[in-house]
2 protein chains.
Amino acid sequence: MAKKQSQKDLTTEEKIKEAASKVFQKKGFSGTRTRDIAEEAGLNLALINYYFRSKQKLFEIIMAEKLSSFFMDFIPLLLSEDSSPEEKVRLVSENYINLLLENPDLPVFVMSAVHNNPKHFANIVKGAELIQDAPLVAQLKKINPNMKFEHFFMNLMALCIFPFIIRPAISLISKPIRKNFETLMQERIELIPMWMQQMVKQK
Amino acid sequence: MAKKQSQKDLTTEEKIKEAASKVFQKKGFSGTRTRDIAEEAGLNLALINYYFRSKQKLFEIIMAEKLSSFFMDFIPLLLSEDSSPEEKVRLVSENYINLLLENPDLPVFVMSAVHNNPKHFANIVKGAELIQDAPLVAQLKKINPNMKFEHFFMNLMALCIFPFIIRPAISLISKPIRKNFETLMQERIELIPMWMQQMVKQK
DNA sequence: GTCTATACAAAGATAGAC
DNA sequence: GTCTATCTTTGTATAGAC
């Protein structure tokens, strides 16, 4: 009944996805050979084509899953009734930045995949519609009736995620600024809620 | 003497770069076949290999150029002595957003290229070092001695660029929010300077 | 020095045996 | 469901015409 199985006792299909996810994230789409995935999974090359129609399809399936959890995870946080806007923003920043610190390549990986195939965003639209009626929107409107919540959400995401996208640059520059990337992001966990609060109050 | 030539009177090398830039932006690196580029340029396939060593090299050269102008263009704006921080931020937002509205795929294109090959950022480091000593930093410190300028620059970039990265999602969602992407970005040209000003004042 | 035609090799996809 | 052998596409290299 349970699809979850212990370590080595995975379906062939799951083994492929596991291996593919690993190799894709390390080498990108074009850098990955289906032969690499087969080897990583300890399986025959042809099985990849048997279970998934093509390298592209396999990639898209993995993307859709990653993307889904990537955006969906924070929707419950925003939907909560009994926390203040400040608390919600703080929760989102903290959870996201910590999640991304553990998977720093995820944003670029996901974003470029989506760019090549926007339909991956299909699931996300539902999430966006949920947010429209979230208590948070009402709470924000109460603080500032002019608040434009589409900018609010976009800015919150931007401030959390964008640094990971330009991380290669930050690492290069981090010598002059004498701070490593992780430290910078830890600071932002504290700073983002404050910035967001200012934004809401304004105008 | 002038390397710039009119329309159809381009060097073979320039024709290839022109065509490649177009096709790469449309189809991404792996989606582009060297044969597509040759066809787009109206040239023989082998010329790509003759002028540039490989598809990869050609891609990197185009990337380096795009990236360079992408980040370098706004450094002079920040270096100016005789404008206020507010004016500088306003100029950067306006110029960038308008530039990107004309090349909306550029950010994802550049970002994923850089992600695959961080050395493309080499030129940018120089720019970052220039910024360290920019009058703007002094101006900001005067307003708020605690201002962390690395966050300031990162936030300014994030607020301008990030929306373009998630543009496919915004387009899907734009039905519920009844605004198209361009309108949203025009609003941001006005809003970003205000948000940034709040950030500087705070703490 | 430029360009055309063609050959070659790597890698994704598939047919068919088991 | 899995594997072997094969086909096809595509990046790369070369030989030779102009």
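## Protein surface near DNA strand C

In this predicted model, three helices each supply at least two residues of the surface near DNA strand C: helix 2 (34-41) and helix 3 (45-51) of chain A, and helix 3 (45-51) of chain B. Helices (H or I, at least four residues) are DSSP runs numbered from the N terminus, and a residue is near a strand if one of its heavy atoms lies within 4 Å of it. Helix 3 of chain B gives the most to this surface, with four residues.

In total, 15 residues surround DNA strand C, and A:Arg33, A:Thr34, A:Arg35, A:Lys55 and B:Asn44 are the closest. The residues of the surface divide into five nonpolar, six polar and four charged; Ala, Val, Leu, Ile, Met, Phe, Trp, Tyr, Cys and Pro count as nonpolar, Asp, Glu, Lys and Arg as charged, and the others, Gly among them, as polar.

| Residue | Protein atom | Distance to a phosphate oxygen of DNA strand C |
|---|---|---|
| A:Thr34 | polar side-chain atom | 2.6 Å |
| A:Lys55 | backbone N or O atom | 2.8 Å |
| B:Asn44 | polar backbone atom | 3.5 Å |

Residues are numbered from 1 along each chain as its sequence is written, and chains are lettered from A and ligands numbered from 1 in the order in which they are written. Local features need pLDDT of at least 70, side-chain atom pairs count only at pLDDT 80 or more, and totals for chains, interfaces and linings use all residues, while side-chain values use heavy atoms, with hydrogens and water left out.

Notes: Polar contact = N/O pair within 3.5 Å; in protein donor to acceptor, adjacent residues only side chain to side chain.
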